[in-house]
Amino acid sequence: INAEYGIERLSRKKKQKQKKKRQSYNNYYLLFLFIINLNMYQSQYDSDITTWSPQGRIFQIEYAGEAVKQGSAVIGLRSNTHAVVVALKRSSSELASYQKKIFKIDDHMAIGIAGLTADARVLCKYMRNESLNYRFVYNSSIPVSRLVRQVADKSQVNTQRYGRRPFGVGLVIIGYDETGPHLFETCPSADYYDSYAVAIGARNQSAKTYLEKQFREFKELSSDELIRHGLNALRETLGTQTEGLNIKNCSVGIVGKDTPLKFIEDAELQQYLPNDNQASI
């Protein structure tokens, strides 16, 4: 009797172990299905621009914002008299030239780009056409804020209509008009911001940290000092790159009072470049 009871007890324990093992497998299987469904759940809401997720997000806009973060850094600053844009240029290989990052819109306005260059060219062409049309009708330069608002309106259309996608580029816009110097930032979401200083592109947070410490001084600075601050902020975005700032991989645009839009590149830029062992001004 005792032997039969012992055998029956061992059998029950074996069955309990097998049951726990099956439950463990079932739990892993359910977790696997949950992860698969979670990915499928997100993919249901990121296939086009007109679909909201239950959390109130439009994933296509967020993806376009990530494209801006992948672009090389662009810095913008302004004082009471001038506005400056500084950009870091990239080269796809040693055999290729550095990609242009700052574009002229009119004699009083320019843009720096971070993100998809092809999308930036579309917006640049649009801005130039609008500026020319305004000059033809009113015989004067278009106000900077008005053109920025038109660009934002154009960008917003692509966040609302089916079959389109947001522009995957961020713009830093500098200009000077009757109301003084201006510095704007535009986003793929069609938001735009008027700023004293701004940084977009890869590792922009390092440049923002520098600008946040220094921007209170910008109002009274001369154009040369403003350029040097912009280059110092741009240097912060390089991280551990072996190649520092040089006359080939960065460019500067400046506009202001009694100063038509001017680009500073190549040998002319050498006098503004910070030394590696030079303390930030």
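Predicted model: local features only at pLDDT ≥ 70, side-chain atom pairs only at ≥ 80, totals over all residues.
View 1. A salt bridge joins Lys69 to Glu66, and their closest N and O atoms are 3.5 Å apart. Both residues belong to helix H2 (residues 59–70). They sit three residues apart, about one turn of the helix. An α-helix has 3.6 residues a turn, so residues three or four places apart point the same way.

**View 2. Arg57 meets Glu62.** These residues form a salt bridge, with the closest N and O atoms 2.9 Å apart. Arg57 is partly exposed, at a relative accessible area of 36%. Glu62 is also partly exposed, at 32%. Side chains of opposite charge can pair when their charged atoms come close. The structure holds six salt bridges.

**View 3. Arg135 and Asp106 link distant parts of the chain.** Arg135 forms a salt bridge with Asp106, the closest N and O atoms being 3.0 Å apart. Arg135 lies in helix H3, while Asp106 lies in strand E3 (residues 102–106). The two are 29 residues apart. Arg135 counts as partly exposed, at 31% relative accessibility. Asp106 counts as buried, at 10%.

**View 4. Tyr134 and Tyr138 form an aromatic pair in helix H3.** A search of the whole structure finds three aromatic pairs. In this one, the ring centres of Tyr134 and Tyr138 are 4.5 Å apart. Their planes stand at 40 degrees, so the pair is tilted. The two tyrosines are four residues apart in helix H3, about one turn of the helix. Tyr134 is buried, with a relative accessible area of 14%. Tyr138 is partly exposed, with a relative accessible area of 49%.

**View 5. A nonpolar patch lies on the surface at Phe136, Val137 and Tyr138.** Together, these three residues have about 410 Å² of accessible area. Tyr138 belongs to helix H3, which spans residues 117–138. Its relative accessible area of 49% makes Tyr138 partly exposed.

**View 6. Helix H5 has a buried face.** Helix H5 runs over residues 204–214. Its buried residues are Asn204, Ala207, Tyr210, Leu211 and Gln214. Seen down the axis of H5, these buried residues fall within an arc of 120 degrees, so they line one face of the helix. Several elements cover them, including strand E1 (74–78) and strand E8 (197–200). Helix H6 (223–236) is also part of the cover.

**View 7. Ala190 has a positive phi in a loop.** The phi of Ala190 is about 80 degrees, although this residue is not a glycine. Most residues other than glycine have a negative phi. Ala190 is found in the loop between strand E6 (180–186) and strand E7 (192–194). With a relative accessible area of 12%, Ala190 is buried.

**View 8. Asp258 also has a positive phi.** Here phi is about 55 degrees, and Asp258 is not a glycine. Asp258 has its place in the loop between strand E9 (250–256) and strand E10 (259–264). Asp258 counts as exposed, at 76% relative accessibility, whereas Ala190 is buried.

Key:
Residues numbered from 1 in each chain as written. Heavy atoms only, no water. Buried < 20%, exposed > 50% of the residue type's maximum accessible area, 1.4 Å probe, protein only. Arc of directions from axis to C-beta. Contact = heavy atoms within 4.5 Å. Patch = residues over 30% accessible without salt bridge, like charges linked within 9 Å, V, L, I, M, F, W, Y side chains within 5 Å. Areas by Shrake-Rupley, 256 points an atom, 1.4 Å probe, with all protein chains shown as cover. Salt bridge = Lys/Arg side-chain N within 4 Å of Asp/Glu carboxyl O. Phe/Tyr/Trp six-rings, centres within 6.5 Å; stacked < 30°, edge-to-face > 60°.
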